[in-house]
Amino acid sequence: MDQNRTAADQKLGKPLHRTFFGRSVHEVAPDLIGATLLVDGVGGLIVEVEAYHHTDPAAHSFRGPTPRNRVMFGPPGYAYVYRSYGIHWCVNFVCEQEGSASAVLIRALQPTHGIALMRRRRRLHDERSLCSGPGKLTEALAITEAHNALPLDAPPIAVYARVGTADVASGIRIGITKAMELPWRYGLKGSRFLSKPF
């Protein structure tokens, strides 16, 4: 990939509106592989995600609404941002009908837009490592709790449909202690930007 490309050189698909997310989390998650996430114009191709459903004991919504997870309960098409282990921010896309409380965790991006700014924010040069994990990508895109409950189809956030097809791999989720056997992690097969190979 040419790291000197500008945003204008990158072909973006059609903007995804909130209605795109009002479907089963298990349909939305693989459909996001190859889509582009931008925050204030900085971001890249989504190459890895994980699905979380309200019936899933690993989901934050499993025990019902709290002040922290309220946005998960709908409506769909909003960002759910939380602090993981008190250290890193993680960004999720709320899916399904209002009340379902299901979401897709964005795990890794292939940087395409604003790479120089990502490098400054992450204080490293290696393009492969800029967004190869949920905490890394939020630091690279400067996503914080200020983005929680913001719509995914209005500034500063934009999500664009993938262009063409994607070879999507699936496997078990990472770093959880419940429902570990569910194959609800999806990624772009062969991508060197994944947080962990499939």
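The radius of gyration used here is taken over C-alpha atoms, and the globule rule is 2.2 Å times the number of residues to the power 0.38. This is a predicted model, in which local features need pLDDT of at least 70 and side-chain atom pairs count only at pLDDT 80 or more, while totals for chains, interfaces and linings use all residues. Residues are numbered from 1 along each chain as its sequence is written, and side-chain values use heavy atoms, with hydrogens and water left out.

**View 1. The whole chain, sized up.** For 198 residues, a compact globule would come out with a radius of gyration near 16 Å, and the protein has 15 Å, which agrees. The C-alpha trace spans about 45 × 35 × 35 Å along its principal axes. With contact meaning heavy atoms within 4.5 Å, take the contacts between residues at least 6 apart in sequence: 61% of them join residues at least 24 apart. The accessible surface comes to about 9200 Å², with 54% of that belonging to carbon and sulfur atoms; areas come from the Shrake-Rupley method with a 1.4 Å probe, and for residues only the protein chains shown count as cover.

**View 2. Helices and strands in order.** There are three helices and eight strands, and along the sequence they follow the pattern α-β-β-β-β-β-α-α-β-β-β. Both kinds of element are DSSP runs numbered from the N terminus: helices are H or I with at least four residues, strands are E with at least two.

**View 3. Strand β1, covered on both faces.** Thr-36 and Leu-38 sit on one side of β1, Leu-37 and Val-39 on the other, and all are buried (under 20% relative accessible area; exposed is over 50%, partly exposed in between, with a 1.4 Å probe and protein chains only). Across the protein, buried residues make up 52% of the 198. β1 (residues 36-39) is joined to β2 by four bridges, running antiparallel; two strands count as paired if DSSP finds at least two bridges between them. Thr-36 stands opposite Leu-45 in β2. β1 also pairs with β6 (residues 157-160), again antiparallel, over four bridges, and there Leu-37 has Val-159 as its bridge partner.

View 4. Asp-40 lies in the loop between β1 and β2. This hairpin has two residues between its strands, and Asp-40 takes a positive phi near 55 degrees. Asp-40 counts as exposed because its relative accessibility is 59%. Ala-158 is 118 residues away from Asp-40 in sequence, yet their C-alpha atoms are 8.2 Å apart in space.

View 5. β2 (residues 42-52) is mostly covered, with ten of its eleven residues buried.
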